[in-house]
Amino acid sequence: QNNLQYLTLSEHFPPPAAERKLIECGFSFQERRKIYSLPFCVTNEIKLSVFQYKIFHNILCTNKILHNMKKKQQPDCPYCHGIDQTPLHLFVECPIAKSFWNKFTM
């Protein structure tokens with residue numbers, strides 16, 4: 001736990017990409033620190049921790065990011081043509097994601 005605190009408070013690392021958005025949404029320093037520690041606390045599964053890390057730091061390879069990197073021809077969601085596939089769209093706004101969450105919460 002002490003190593004985690006050192007990493008999350010270290011000035012040697014740039015702040016996570018989501019930091020600005022979390023501050024704009026009114027999250028305090030302590031709340032943000034707790035959010036960033038979640039991937040290391042909720043699971044021992046490395047792949048899941050890495051996946052959560054990528055989401056927190058806005059580096060999850062969506063079609064929009066791959067398009068910007070010239071790896072994909074279109075940034076579109078494969079299910080919603082004409083709408084960029086961003087993490088927010090992928091997990092929240094996409095009709096496929098909404099259907100999943102509706103079934104999951106039942």
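Lysine 64 is partly exposed, with 31% of relative accessible area, where buried stands for under 20%, exposed for over 50% and partly exposed for what is in between (taken with a 1.4 Å probe and protein chains only). This is a predicted model, in which local features need a pLDDT of at least 70 and side-chain atom pairs count only at pLDDT 80 or more, whereas totals for chains, interfaces and linings use all residues. Residues are numbered from 1 along each chain as its sequence is written, and side-chain values use heavy atoms, with hydrogens and water left out.

The place of lysine 64 is helix H5, where helices (H or I, at least four residues) and strands (E, at least two) are DSSP runs numbered from the N terminus. Setting aside neighbours within four places in sequence, lysine 64 is in contact with Pro75, Asp84, Gln85 and Thr86, a contact being a pair of heavy atoms within 4.5 Å.

Because aspartate 84 lies in the loop between H5 and H6 while lysine 64 is in helix H5, the pair ties together parts that are 20 residues apart in sequence. Aspartate 84 is partly exposed, at 30% relative accessible area. Side chains of opposite charge can pair when their charged atoms come close.

By this rule the count is two salt bridges. One of them links glutamate 24 and arginine 20, whose closest N and O atoms are 3.2 Å apart. Both of these residues lie in helix H2 (residues 19-24), four residues apart, which is about one turn of the helix. Glutamate 24 counts as exposed at 58% relative accessibility, and arginine 20 counts as exposed at 52%.

With these pairs in place, the whole chain can be considered. The protein has seven helices and zero strands, so that its elements, read from the N terminus, run α-α-α-α-α-α-α. Of its 106 residues, 24% count as buried, and among contacts between residues at least 6 apart in sequence, 23% join residues at least 24 apart. The accessible surface comes to about 8400 Å², with 60% of it belonging to carbon and sulfur atoms; such areas come from the Shrake-Rupley method with a 1.4 Å probe, and for residues only the protein chains shown count as cover.

Confidence is expressed as pLDDT, the predictor's confidence in each residue on a scale from 0 to 100. The mean pLDDT of the protein is 82, and 85% of its residues reach 70 or more.

Helix H3 deserves a separate look. Its 13 residues reach 18 Å from the first C-alpha to the last, close to the 18 Å expected at 1.5 Å a residue, the expected span being 1.5 Å times one less than the number of residues. In H3, Arg32, Ile35, Tyr36, Ser37 and Pro39 are buried. Arginine 32, which lies in this helix (residues 29-41), counts as buried at 11% relative accessibility, and, not counting residues up to four places away in sequence, arginine 32 touches Glu19, Leu22, Ile23 and Phe27.

Phenylalanine 40 is also in helix H3, but it is partly exposed, with a relative accessible area of 49%. Together Phe40, Tyr53 and Ile59 make a nonpolar surface patch of about 310 Å²; patches are made of residues with over 30% relative accessible area and no salt bridge, joining like charges within 9 Å and nonpolar side chains (Val, Leu, Ile, Met, Phe, Trp, Tyr) within 5 Å.

The loop between helix H5 (63-68) and helix H6 (87-93) holds lysine 70, which has a positive phi of about 65 degrees although it is not a glycine. Lysine 70 counts as exposed, at 73% relative accessibility. Tyrosine 79 lies in the loop between H5 and H6 and is exposed, with a relative accessible area of 58%. Beyond its neighbours within four places in sequence, tyrosine 79 is in contact with Cys94 and Ile96.

Notes
A salt bridge is a side-chain nitrogen of Lys or Arg within 4 Å of a carboxyl oxygen of Asp or Glu.
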